[in-house]
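Open the model in a viewer and follow the selections below in order. Each stop says what to select and what is there.

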Amino acid sequence: MKRNVTALILTAAMAVVSLTGCGGQGGSTNTAAAQTTAAAQETKAETEGGSSAADGSGGEEENNTEPEKDKTEAVLAEEKGTIAVTYVKSPLNVPSIVEKDQQIFAKEFGKLGYGVTYSDLTTGPEQTQALASGDIQFLYAVGATSVILAASNDADIKIISTYSRSPEAFKLFGKDDSIKSPEDLKGKKVAGPKGTILHELLVAYLAGAGMTEEDIEFMSMGIPDAQAALAGGSVDAALLAGPVAYNMEKDGFPVITNGTDLTEATIVVAASGDYIDSHPEEVKTFLEAQKQVLDVIEADTKAAMEATAKETELTIDAVMEMYPMYDFDMTIRDSDIEAMKKTVVFMKENGMIENDVDIEALIWRAQ
């Protein structure tokens with residue numbers, strides 16, 4: 001009986017540690033360790049040197065070994081704190097949705113002693129600022145334009161892999177069919193997220209007619225707000241992508257143009273140079289997990305489409321219609337590098353950045 005009581009006490013102590021270990025990065029590690037030590041000392045005092053269920057030493061207590069082992073592993077899985085990763089669903093980021101659904105990052109980083117948290121920051125500037133502050137360790141889907149902008153401002157940021165390429169998925173919508181050319185946008189109100197691939201699309205579209213952003217009234221706002229503004233008639237055009245763009249098109253709003261021949265719409269994965277240098281094993285684990293996500297999608301595409309439809313509130317048919325627009329190969333291709341070099345030139349010529357960015361130096365390559 002005394003041993004069973006001891007096992008219950010230890011179980012309760014471990015449960016408390018498991019709960020308190022779920023804070024921010026490294027925030028609860030010391031508290032968890034102190035509670036684990038206290039629990040062990042209390043157990044030792046009560047047993048007075050006798051064996052306990054945690055020792056696995058025969059009798060009925062042996063049946064409690066496995067549950068205790070599971071609880072211990074749960075504590076160890078967060079002994080180093082947490083790794084924060086961005087979770088961005090739009091435009092149609094199937095890998096992010098499948099990864100979170102399957103908890104692949106949590107499983108792989110758990111082996112290194114980390115928990116995983118997801119950040120809901122979705123705009124490029126917010127993401128790169130959070131990376132610089134150390135609040136986020138991996139930007140899992142950030143526009144190359146945002147990375148270039150951050151690098152131009154001397155931010156410590158590196159591209160570790162490609163996330164996707166999807167120019168066709170980024171679109172400029174009009175409130176009616178009166179806008180058929182860049183010239184038709186002169187003096188018009190256009191809404192969309194500043195410093196993003198969509199913003200690049202707009203500036204490139206205007207440049208095709210020798211126009212600049214000064215020729216329109218650009219209103220910086222996120223995709224949901226831009227959609228609402230267009231639907232409400234308070235703007236003449238809006239930059240949209242993903243499920244929002246799909247639904248607006250189905251509702252009859254005309255597409256003025258998409259990103260084809262205007263931007264490569266390169267989305268990448270990034271981390272800070274300092275984090276990469278000081279945490280090589282974590283970076284390796286992330287890239288292996290990213291590859292695992294893609295393998296899971298390939299092995300069961302139907303399940304991936306179902307998970308995406310549920311998360312985006314689209315129909316399976318809608319997801320299947322949009323999915324071919326995306327290339328999720330994580331390899332950093334020569335064509336990606338050339339596209340980003342062109343983006344640097346484009347951004348500088350259009351006043352989006354002031355300083356040159358060396359794309360080759362921006363890309364981290366495994367040793």
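## Stop 1: helix α12

Select residues 280-299, helix α12, in this predicted model. At 1.5 Å a residue, its 20 residues should span 28 Å, and the end C-alpha atoms lie 29 Å apart, so the two values agree. Now colour the buried positions of α12, among them Val283, Phe286, Leu287, Ala289, Val293, Leu294 and Ile297. The buried set of α12 also includes Glu282, Thr285 and Gln290.

Lys291 is partly exposed at 41% relative accessibility, and Asp295 is partly exposed at 35%.

## Stop 2: other salt bridges

The count of salt bridges is 16. Select Lys186 and Asp215, whose side chains meet at 3.2 Å, N to O. Lys186 sits in the loop between β5 and β6 and Asp215 in the loop between α8 and β7, so this pair ties together parts 29 residues apart in sequence. Lys186 counts as exposed, at 53% relative accessibility, while Asp215 is partly exposed at 23%.

Next, select Lys250 and Glu321, a salt bridge of 3.7 Å, N to O. Lys250 belongs to helix α10 and Glu321 to helix α14, 71 residues apart. Lys250 is exposed, with 52% relative accessibility; Glu321 is partly exposed, with 46%.

To see a network, select Arg165, Asp327, Asp329, Arg333 and Asp336, which are joined by salt bridges that share partners.

## Stop 3: the largest pocket

The largest pocket holds about 710 Å³ of space. Its lining has 30 residues, and those closest to the centre are Val88, Ser90, Pro91, Thr122 and Ile223. Elements giving two or more residues to this lining include α6, α8, α9, α10 and α13. The largest share, 3 residues, comes from β3. By type, the lining of the largest pocket has 15 nonpolar, 12 polar and 3 charged residues.

## Stop 4: the second largest pocket

The second largest pocket has a volume of about 290 Å³. Centre the view on Glu200, Leu262, Thr263, Lys342 and Thr343, the closest to the pocket centre of its 16 lining residues. Two or more lining residues come from each of α7, α8 and α15, and α15 gives the most, with 5. Colour this lining by type to find 8 nonpolar, 4 polar and 4 charged residues.

Notes
Residues are numbered from 1 along each chain as its sequence is written. This is a predicted model: local features need pLDDT of at least 70, side-chain atom pairs count only at pLDDT 80 or more; totals for chains, interfaces and linings use all residues. Side-chain values use heavy atoms; hydrogens and water are left out. On a 1 Å grid over the protein atoms alone, a cavity is a set of points where a 1.4 Å probe fits but cannot get out, and a pocket is an open set with protein on both sides within 12 Å along at least five of seven lines; lining residues have an atom within 4 Å of a point. Grid points are joined across faces, edges and corners, and a volume is the space filled by probe spheres set on the points. Helices (H or I, at least four residues) and strands (E, at least two) are DSSP runs, numbered from the N terminus. Ala, Val, Leu, Ile, Met, Phe, Trp, Tyr, Cys and Pro count as nonpolar, Asp, Glu, Lys and Arg as charged, and the others, Gly among them, as polar. The expected span of a helix is 1.5 Å times one less than its number of residues. Buried means under 20% relative accessible area, exposed over 50%, partly exposed in between (1.4 Å probe, protein chains only). A salt bridge is a side-chain nitrogen of Lys or Arg within 4 Å of a carboxyl oxygen of Asp or Glu.
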